[in-house]
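These are my notebook entries on one protein model. I set down each question I looked up and what I found.

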Amino acid sequence: MSMIITAKDNDKIKYTKSLLKSKNRNKESKFIIEGYRILTLAIECRAKLDYVFINEDFEKKQEHKEFLEILKKKDIRVYKTTNKIFEDLTDTENTQGIIGVVKFKQRTLEENLTDDNRFVLILDRIQDPGNMGTIIRTADAVGAHGVIIPKRRSVHITSVVAKASAGAVEYVPVCKVTNIVNTIKRLKEEGLWIAAADMDGEVFYEQNLTGPIGLVIGSEGFGISRLVKQ
C-alpha cells in the first residue's frame with residue numbers, strides 16, 4: 001500500500017526536490033535514481049534505498065505492481081503522487097513514473113587501495129553527466145576497482161549519471177578527493193603506475209599497461225589540467 005501525497009508543499013516532496021541540486025546531494029550524501037530498470041538493479045545490488053516515489057500511471061503494469069510488492073517486503077516506503085507533482089521531482093523529460101532516493105556509498109581513498117584493488121580510474125574534471133555514467137559503466141565492464149573524482153569542478157553522482165551507468169554506479173566504488181594532484185602522489189607511493197590519456201601522448205596499444213595502474217582521463221573540453229599532467 002502506497003502513501004498518497006497530493007500537496008506540492010509536503011515536506012517529503014520538498015526534500016526530494018531539493019536533491020536535484022548538487023549542493024544538497026553532497027550535503028545529504030543522497031541522490032535520485034529514476035526508472036523501473038535502474039530501481040530493480042538497485043534492489044539486486046542491495047543499494048541503500050531510502051524511499052520511492054511513483055506517479056499515477058506506474059501501477060498500470062503488472063510487473064510494476066509486482067515490484068512494489070518486493071519493496072513492501074523489504075520495508076521500503078513508497079509514496080504515490082500526481083503526475084504533475086512527480087514531474088517536478090525529476091530532471092528528465094520522458095519519465096518512467098518511478099524514482100528512488102539512494103544513500104551514496106562514500107568511499108575513502110584507503111578503501112580503494114587494498115592489495116586486491118590495483119586498477120583505478122582518475123577523472124580530472126569530467127563535466128558531462130552522460131559521459132561520467134558511461135565511464136563508470138565501462139569501468140565496471142573492464143573490472144576497474146574504483147573511480148576517483150574531485151569534490152570540486154566535476155560532475156557528481158546524479159540521476160542522469162546513474163541512468164547512463166546502467167546501474168553500474170551501484171557496483172563500482174566512487175571516491176571523492178579534495179586534490180587530484182596529491183591523490184596521484186599518494187597512488188605512486190602505494191606502488192601504482194600513473195598513465196594519462198592525452199592527445200599528445202604515445203599510441204596507447206603500444207604501451208604495457210599491466211600491473212597496478214591509475215589511469216587519468218581529462219575533461220571533455222580541456223583534457224588533463226596542467227598541474228595533473230605535470
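**Entry 1: helix α6**

Which residues are buried in α6? I worked on a predicted model, and there I found Met132, Gly133, Ile135, Ile136 and Ala139 buried in α6. Viewed down the axis of α6, these buried residues fall within an arc of 160°, so they line one face of the helix. On the other side of α6, I noted that Ala141 and Val142 are exposed.

I then asked what covers the buried residues of α6. The cover includes the strands β6 (119-124), β7 (146-150) and β8 (174-177), together with the helix α7 (159-164).

**Entry 2: length and ends of α6**

I checked the length of α6 next. Helix α6 has 14 residues, 129-142, and at 1.5 Å a residue it should span 20 Å.

Which residue caps the N-terminal end of α6? I found Asp128 there, with a side-chain oxygen 2.9 Å from the backbone nitrogen of Gly130. Just after α6, I recorded a positive phi of about 85° for Gly143.

**Entry 3: strand β2**

Is strand β2 largely enclosed or left open by the rest of the structure? Five of the five residues of β2 (residues 30-34) are buried, so the strand is largely enclosed by the rest of the structure.

I also looked up where the side chains of β2 point. In a regular strand the side chains alternate between the two faces of the sheet. In β2, Lys30, Ile32 and Glu34 point one way, while Phe31 and Ile33 point the other way, and all are buried.

How many bridges join β2 to strand β5? I found five, and β2 and β5 (residues 98-103) run antiparallel. The bridge partner of Lys30 in β5 is Lys103.

**Entry 4: Ser225**

I located Ser225 in the loop between β10 (213-218) and α9 (226-229). Is Ser225 buried or exposed? Ser225 has a relative accessible area of 15%; buried means under 20%, so Ser225 is buried. Leaving aside residues up to four places away in sequence, Ser225 touches Asp124 and Arg125.

**Entry 5: confidence**

Finally, I looked up the confidence of the prediction. The mean pLDDT of the protein is 88, and 96% of its residues reach 70 or more. Where is confidence lowest, and where is it highest? Confidence is lowest in α7, at a mean of 84, and highest in strand β4 (residues 77-81), at 96.

How values were computed
Residues numbered from 1 in each chain as written. Predicted model: local features only at pLDDT ≥ 70, side-chain atom pairs only at ≥ 80, totals over all residues. Heavy atoms only, no water. Helix = DSSP H or I, 4+ residues; strand = E, 2+ residues; numbered from the N terminus. Expected span 1.5 Å × (residues − 1). Buried < 20%, exposed > 50% of the residue type's maximum accessible area, 1.4 Å probe, protein only. Arc of directions from axis to C-beta. Contact = heavy atoms within 4.5 Å. Polar contact = N/O pair within 3.5 Å; in protein donor to acceptor, adjacent residues only side chain to side chain. pLDDT = per-residue confidence, 0-100. Pairing = 2+ DSSP bridges.
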